[in-house]
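Dear colleague,

Please find below the structure that I am handing over to you. My findings follow directly after it.

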Amino acid sequence: MKRYDIKSISLEEIQALLTDMKEAPFRGKQIFSWLHGKQCTRFDEMTNLSKALQAKLDEKAVILNAKQVKKLVSQVDGTIKYLFELGNGSIIESVLMRYGYGNTVCISTQAGCRMGCTFCASTLDGVERNLTASEMLSQVYEIQKDIGERISGVVLMGSGEPLDNYENVLNFIRLINHPMGLQIGQRHITLSTCGLVEKMYQLAEENLQITLAVSLHAPNDSIRNQIMPISKKYSMEELLAACRAYIEKTNRRITFEYALIQGVNDTEDCAKELSTKLRHMLCHVNLIPVNSVKERNYIKSSQERVEKFAAILQQHGVETTIRRKLGSDIHAACGQLRRGYAKPKPEIT
Ligand code: SAH
């Protein structure tokens with residue numbers, strides 16, 4: 001019998017499950033609060049439930065978790081990179097970033113990725129599988145427990161394409177935002193996509209206050225085609241039309257991410273072309289010198305170039321920031337740590 005993934009479902013669904021089990025529905029609230037308010041990982045720790053009910057729940061449901069297998073602490077800025085192992089042995093990574101205004105966790109939404117961006121380490125071996133909402137929550141819950149401080153923001157910018165795992169990601173957002181859970185405000189949640197246009201239109205209809213980040217990385221189709229395969233499916237015009245529709249519908253400012261790669265997308269002409277396309281949009285550009293990845297031969301643009309690029313965008317009225325680089329000493333680029341991790345062989349006794 002398949003057991004319910006109880007940490008991925010809503011309060012109402014837990015209540016329905018209890019009714020099916022001939023239990024009082026108010027137990028649903030207790031269980032939900034154990035799972036999401038106290039981040040409990042076992043039914044036998046839910047001390048206001050009878051032993052009999054704990055045993056019944058164990059039969060019908062499972063609490064999926066993420067087990068910490070490695071942790072790297074940056075000596076430069078306190079950023080912490082975690083590797084977690086999931087129930088089936090998949091390895092994923094998450095990052096804690098400490099800002100003046102609070103702690104933010106960057107989570108993975110898939111083990112691996114199938115989008116194929118040429119500068120990204122997460123995609124080198126393709127996608128292994130989608131993560132469940134519970135596995136995304138576990139990354140945040142385990143990090144909060146590990147540091148003993150509140151997590152107040154989440155960015156969906158780790159391995160994976162969130163909109164390629166749409167339903168689970170939406171369930172995650174609703175659960176992490178829930179008043180009986182961590183209650184992380186939607187405005188403190190950022191979802192980053194390489195630009196799955198149809199899903200962006202769908203997301204606009206969800207009535208969420210989250211920030212949408214779009215990985216643009218190029219000012220036109222011909223450059224974008226070279227570095228992001230998704231660009232062959234959706235042209236830049238279609239992508240920007242979806243962004244405009246998203247802004248129109250949600251009134252939320254979009255962030256465009258742009259990784260600067262020497263000689264590929266970092267010329268003055270690129271900056272000018274980009275600014276003509278973004279000039280009148282409610283948006284913000286986040287520039288980052290590309291992180292070099294061992295398996296790829298891209299070189300990051302010089303600081304001088306990055307600043308020049310930013311200045312051109314700003315002169316043309318496009319709000320631009322240069323992203324502060326965190327965790328440079330601990331392989332902070334997407335998917336780098338996961339790839340470098342060799343699973344220890346079980347010891348034979
Ligand atoms: N699939 C989603 C989210 C995951 S990647 C997306 O594409 O947006 C998070 C961000 O890191 C994206 O903007 C991605 O393009 C960027 N990124 C990936 N590899 C990078 C690298 N080597 N250097 C700089 N940014 C990188």
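By class, the shell around the ligand consists of nine nonpolar, seven polar and two charged residues. In this classification Ala, Val, Leu, Ile, Met, Phe, Trp, Tyr, Cys and Pro count as nonpolar, Asp, Glu, Lys and Arg as charged, and the others, Gly among them, as polar.

Before the details, a note on the basis of the values. This is a predicted model, in which local features need pLDDT of at least 70 and side-chain atom pairs count only at pLDDT 80 or more, whereas totals for chains, interfaces and linings use all residues. Residues are numbered from 1 along each chain as its sequence is written, and side-chain values use heavy atoms, with hydrogens and water left out.

The ligand site

The ligand is surrounded by 18 residues, and the closest are Phe119, Ser192, Ser215, His217 and Asn291; a residue is near the ligand if one of its heavy atoms lies within 4 Å of it. Ser192 places a polar side-chain atom 2.6 Å from an oxygen atom of the ligand. The elements that give two or more residues to the shell are β10 (189-193) and β12 (254-260), where strands (E, at least two residues) and helices (H or I, at least four) are DSSP runs numbered from the N terminus.

Strand β10

Five of the five residues of β10 are buried, that is, under 20% relative accessible area (1.4 Å probe, protein chains only). Ile189, Leu191 and Thr193 lie on one side of β10, and Thr190 and Ser192 on the other. Strand β9 (residues 151-156) runs parallel to β10 and is joined to it by three bridges; DSSP must find at least two for strands to pair. One of these links is between Val154 and its partner in β10, Ile189.

Two helices

Gln30 is found in helix α2 (residues 26-37). The side chains of Gln30 and Arg27 are joined by a polar contact of 2.8 Å; within protein, this term means N or O atoms within 3.5 Å, one able to donate a hydrogen and the other to accept it, and residues adjacent in sequence count only if both atoms are side-chain atoms.

Glu12 lies in helix α1 (residues 11-20). Glu12 counts as exposed because its relative accessibility is 53%, and exposed means over 50%.

Yours sincerely
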